[in-house]
Amino acid sequence: MPLEMSPFGCWGLPTALLALFCCPGSGEEFEVHMYPEQLVVEPGGSQLVNCSTSCANPKTGGLETTLTKTLNQSGPQWKQFLVSNISQDTVVHCHFTCFGSQKLKSLNVSVFYPPKQMLLKIQPTWVAVGKSFTIECHVPDVKPLESLTLTLLRGKETLCNKTFTGEKNDTQGATATHKGMAHREDGRHNFSCHARLDLRSRGGDIIHHVSEPQMLKVYEPTPDNQMVVIISVVSVLLFLFVTSILLCFILGQHWRQRRMGAYGVQDA
C-alpha cells in the first residue's frame with residue numbers, strides 16, 4: 001500500500017520550517033530588565049524605576065508593588081514608573097507578557113537611616129596627666145547597622161575603629177568606646193567621631209558624617225595643700241610629744257640622782 005503524501009508534497013519540510021520562523025509560537029525567548037537593579041532610599045523617598053523587555057511587541061507589561069506608583073513615561077518595549085512614599089524594605093516586580101508567556105524581574109528596595117545625629121562624650125572633661133579617661137560615640141538611629149563603621153579620632157590619629165557586622169537589619173543605635181590614659185599633648189588635640197555607612201552592596205554610595213569636635217583639658221597633678229598642712233601639724237605635735245617624754249625622763253633621772261646623793265651612807 002503506497003504511503004500517503006503530505007499536502008505540501010516534497011516542499012513539506014522546508015515549508016513547515018519557514019512557517020515556524022515566520023510565525024513564532026509561545027516558546028519564543030525574551031528577557032525582562034529593571035533599572036536600577038538595586039535601590040536604597042531614605043524613609044519617605046521616591047525613585048524612578050524603568051521596566052523594559054527584549055520582546056518587540058509585548059502584549060502587556062507593568063510594575064507590581066504595594067508602594068504608590070505612577071506611570072511617568074512609556075514606549076513599545078519599556079515603561080517608566082515613579083515609586084514614592086517608600087517607608088520600609090520591600091520588593092517590586094516588573095512583568096511583561098510576550099507570545100503567550102509572562103516573565104518577571106524583581107528589584108530589592110532598601111530603606112536606610114543615615115547617621116545624622118552623633119553624640120560624642122568625654123569623661124571626665126578635666127583629667128590629670130597619667131589618669132584615665134573615656135571617649136564614647138553614640139549614634140541613636142542608623143540602618144543598615146551591618147554597613148556602619150564608627151571611628152574615634154584624636155586629631156587625625158585613629159584611636160578606635162568599630163565595624164558592626166552580623167547585626168539585625170533594623171533601626172538601632174550604635175556605640176563605640178575608647179579608654180585611654182591622659183598625656184600632656186592630649187590637651188592640644190580635638191577629639192571627634194567619624195561615621196561611615198557603606199551602601200554600595202545595596203546600590204547606594206558611601207555616606208560620611210563627622211561629630212562636633214571636643215577638647216580634653218589636661219593638667220599637671222599638684223600636691224593637696226590641705227593634706228600638706230595636716231601632715232605638717234601632725235609631725236610637729238608628734239615631735240613635741242616625743243620631746244616632752246624625753247625631757248621628763250631626763251629631768252626625772254636628774255632629780256633622782258640628786259636625791260640619792262643627799263643621803264650618803266655613814267660608817268659604823
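1. Buried means under 20% relative accessible area, exposed over 50%, and partly exposed in between, with a 1.4 Å probe and protein chains only. By that cut-off I250 is exposed, because its relative accessible area is 53%. I250 lies in helix α2, residues 225–262; helices are DSSP runs of H or I with at least four residues, strands are runs of E with at least two, and both are numbered from the N terminus.

2. The model is predicted: local features need pLDDT of at least 70, side-chain atom pairs count only at pLDDT 80 or more, and totals for chains, interfaces and linings use all residues. Residues are numbered from 1 along each chain as its sequence is written, and side-chain values use heavy atoms, with hydrogens and water left out.

3. The protein chain has 2 helices and 18 strands. Of its 268 residues, 29% count as buried. Among contacts (heavy atoms within 4.5 Å) between residues at least 6 apart in sequence, 63% join residues at least 24 apart.

4. The accessible surface of the protein chain is about 18400 Å², and 57% of this belongs to carbon and sulfur atoms. Accessible areas come from the Shrake-Rupley method with a 1.4 Å probe; for residues, only the protein chains shown count as cover.

5. An open sheet is formed by 4 strands in the order β1-β3-β6-β5, with antiparallel pairing. Its edge strands, β1 (32–35) and β5 (68–75), each pair on one side only. Two strands pair if DSSP finds at least two bridges between them.

6. β1 pairs with β3 (residues 45–53) in the antiparallel sense over 4 bridges. The bridge partner of H33 in β3 is S52.
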